[in-house]
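This report examines a protein chain through a selection of its local features. Please view the sequence and the structure together while reading.

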Amino acid sequence: MHDHHHHHTASERIGWAFSLNFCFTIIEFIGGWLTNSTAIMADAVHDLGDCLAIGLAWWLNKIGAKEASSRFSYGFSRFSLLGALINGVILVIGSVWVMSEAIPRLLNPQMPDATGMLGLAILGVAVNGYAAFKLSDGKTLNERMLNWHLLEDVLGWVAILLISIVLMFIELPILDPILSIGFTLFILFNVAKNLAETLRLFLQATPDHELREQIQQSLLNIDHVGGIHHLHLWSLDGEQHVLTAHLLLKQNYEHAELVRLKSIIADSMRDHPLSHTTIEFEFPDEACRDDSAVHTATHTHHH
């Protein structure tokens, strides 16, 4: 019961942060347009990205709790990869748009409305600071990630605050596009990192090479095991991993010994972050089903 309640509060906190951030992003786009500031526009794109990330986290918090079904037999945690991908694409489009606005202004700077920028920046620091403060109670990974997003926003607004104060006293309109390009490169750098990771997981790459080596070693260290093949390690969402392997046994063991071997394997796997494991035994005189399947497939293919 307690656990369910925890999920509920996480969901409520995230939903709350989302609505706050969403309203604020709209204010920002309008404000950026009214104050003629590309820096505010760039920050609005950054906030839109955070908004999407929060909305996604909130939705996944709900969907992730659903039980696996016969159609989605691994459960729903892989949806988070899809979300991360969509989020990344939207941010790239937004960033390209801001760049297309900001770069021409480097050559021909326009003075933004510094007083308006200052007002928006004060509001930005307050709103994002408050949201970050609310989410800092959260213990879930989702909430911790979002908290970082919101703190980043606070820092972005502090930068706008400082620049708007400078612009009130010194006419240096080029500061505005410089800041917006800085923001945008920062967004693109983070997005590129996340997209690369997301695509790797989508393509079922091994999530962690060290982990794969450790698993292989701990299986080979078992006395009964002569060799391993078809060892596959992939990840549902970057945290929950799936392992399948064929173990070549040194001899034909009796039933009781095989049962003991299974518990030895279970013990050796206990320390690894595996959500689903499938391990098959192969006896010395046995042909591997996967090898023969591959072989017949290629063989018929040649004809």
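Two residues are said to be in contact, or to touch, when they have heavy atoms within 4.5 Å of each other. The model described here is a predicted one.

## A buried serine in a loop

S37 is located in the loop between helix α1 (2-35) and helix α2 (38-63). Is S37 buried or exposed? Its relative accessible area is 1%, so S37 is buried, the cut-off for this class being under 20%.

Leaving out residues up to four places away in sequence, S37 touches G32, R105, P112, M117 and D176. A polar atom of the S37 side chain also lies 3.3 Å from the backbone nitrogen of A39.

As a general background, nonpolar side chains in soluble globular proteins tend to be buried together. In this model, the largest nonpolar core has 21 residues, and those with the most contacts inside it are I40, M117, W157, I160 and L179. The elements that contribute two or more residues to this core are α2, α3 (79-107), α4 (114-135), α5 (141-169) and α6 (175-202).

Which residues does I160 contact, apart from its neighbours within four places in sequence? They are A39, I40, D43, M117, A121, L179 and F183. There is also a second, separate core of 19 residues, which includes L247, I265, M269 and F281.

## Aromatic pairs

A pair of aromatic rings is described by the distance of the centres and the angle of the planes. The model has five aromatic pairs. In one of them, the rings of F18 and F22 have centres 5.8 Å apart and planes at 20°. Planes under 30 degrees apart count as stacked, and the pair of F18 and F22 is therefore stacked. F18 and F22 are four residues apart in helix α1, so about one helical turn separates them. F18 is partly exposed, with a relative accessible area of 24%, and F22 is likewise partly exposed, at 39%.

Another pair is formed by F29 and W97, whose ring centres are 6.3 Å apart and whose planes meet at 50°, so this pair is tilted. F29 is partly exposed, with a relative accessible area of 25%. W97 also counts as partly exposed, its relative accessibility being 36%.

Helix α7 consists of twelve residues, 209-220.

An α-helix has 3.6 residues a turn, so residues three or four places apart point the same way. The buried residues of α7 include L211, I215, S218 and L219. They cover an arc of only 100° around the axis, which means that they are on the same side of α7. On the other side of α7, H209 and E210 are exposed. The cover over the buried residues of α7 includes β1 (225-235), β2 (241-249), α8 (255-269) and β3 (274-282).

Q216 is another residue of helix α7. With a relative accessibility of 22%, Q216 counts as partly exposed. Q216 touches I228 and L231, not counting residues up to four places away in sequence. Between the C-alpha atoms of Q216 and N36, which are 180 residues apart along the chain, the separation is 59 Å.

## Positive phi angles

Most residues other than glycine have a negative phi. Q204, which is not glycine, has a positive phi near 60°. Q204 lies in the loop between α6 and α7 and is partly exposed, with a relative accessible area of 43%.

H230 is also not a glycine, yet its phi is positive, at about 50°. In which element is H230 found? H230 is found in strand β1. At 22% relative accessibility, H230 counts as partly exposed.

How values were computed:
Residues are numbered from 1 along each chain as its sequence is written. This is a predicted model: local features need pLDDT of at least 70, side-chain atom pairs count only at pLDDT 80 or more; totals for chains, interfaces and linings use all residues. Side-chain values use heavy atoms; hydrogens and water are left out. The expected span of a helix is 1.5 Å times one less than its number of residues. Buried means under 20% relative accessible area, exposed over 50%, partly exposed in between (1.4 Å probe, protein chains only). The arc is that of the directions from the helix axis to the C-beta atoms. A polar contact is a pair of N or O atoms within 3.5 Å; within protein, one must be able to donate a hydrogen and the other to accept it, and residues adjacent in sequence count only if both atoms are side-chain atoms. A nonpolar core is a set of buried Ala, Val, Leu, Ile, Met, Phe, Trp, Tyr and Cys residues joined through side-chain atoms within 4.5 Å. Rings of Phe, Tyr and Trp (its six-membered ring) pair if their centres lie within 6.5 Å; planes under 30 degrees apart count as stacked, over 60 as edge-to-face and the rest as tilted.
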